[in-house]
Amino acid sequence: MSVAFVPDWLRGKAEVNQETIQRLLEENDQLIRCIVEYQNKGRANECVQYQHVLHRNLIYLATIADASPTGAAQPVE
């Protein structure tokens, strides 16, 4: 399950750190690979669920980036 799928009662309580961000980036990499594989096999309809998870992850990462103070972003190693 994606780390971006957090129950409402936990929202805002999770610590956002480099490990969490790295896990999301790695998950996004796998999601993109699955989406491309399904599309290459002509099964585009079956990749929609992966596209939804990828979209949610990207929105979550963008929200984190927008909430970060300017200049506080650290490169992910």
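First, the ground rules. The model is predicted, so local features need pLDDT of at least 70 and side-chain atom pairs count only at pLDDT 80 or more, while totals for chains, interfaces and linings use all residues. Residues are numbered from 1 along each chain as its sequence is written, and side-chain values use heavy atoms, with hydrogens and water left out.

The chain has two helices and zero strands. Helices here are DSSP runs of H or I with at least four residues, strands are runs of E with at least two, and numbering starts from the N terminus. Helix α1 covers residues 18-40, and helix α2 covers residues 48-67. For α1, 23 residues at 1.5 Å a residue should span 33 Å, and the end C-alpha atoms are 33 Å apart, which agrees. The expected span is 1.5 Å times one less than the number of residues.

Now the packing. The axes of α1 and α2 come within 9 Å and cross at roughly 150°. Axes are lines fitted to C-alpha atoms over the stretch in contact, and angles run from 0 to 180 degrees between N-to-C directions. The two helices are therefore roughly antiparallel, a label for angles over 145 degrees. Their crossing is left-handed, meaning that the near helix is turned anticlockwise from the far one by less than a right angle.

Which residues make the contact? From α1 they include Ile21, Leu24, Leu31 and Ile35, and from α2 they include Leu54, Asn57, Leu58 and Leu61. Contact means heavy atoms within 4.5 Å. The contact residues divide into 14 nonpolar, four polar and one charged. In that count, Ala, Val, Leu, Ile, Met, Phe, Trp, Tyr, Cys and Pro are nonpolar, Asp, Glu, Lys and Arg are charged, and the others, Gly among them, are polar.

Next, burial. Buried means under 20% relative accessible area, exposed over 50%, and partly exposed in between, with a 1.4 Å probe and protein chains only. Buried residues make up 22% of the 77 residues in the chain. In α1 they are Thr20, Ile21, Leu24, Glu27, Asn28, Leu31 and Ile35, and what covers them includes α2.

Asn28, in α1, is buried, with a relative accessible area of 5%. Leaving aside residues up to four places away in sequence, Asn28 touches Leu54, Asn57, Leu58 and Leu61. Asn57 sits in α2 and counts as buried at 0% relative accessibility. Asn57 and Glu27 are 30 residues apart in sequence and 8.7 Å apart, C-alpha to C-alpha. Asp29, also in α1, is partly exposed at 34%.

Last, the chain overall: of the contacts with a separation of 6 or more, 61% join residues 24 or more positions apart.

Definitions and conventions. Parallel < 35°, antiparallel > 145°, perpendicular 65-115°, else oblique.
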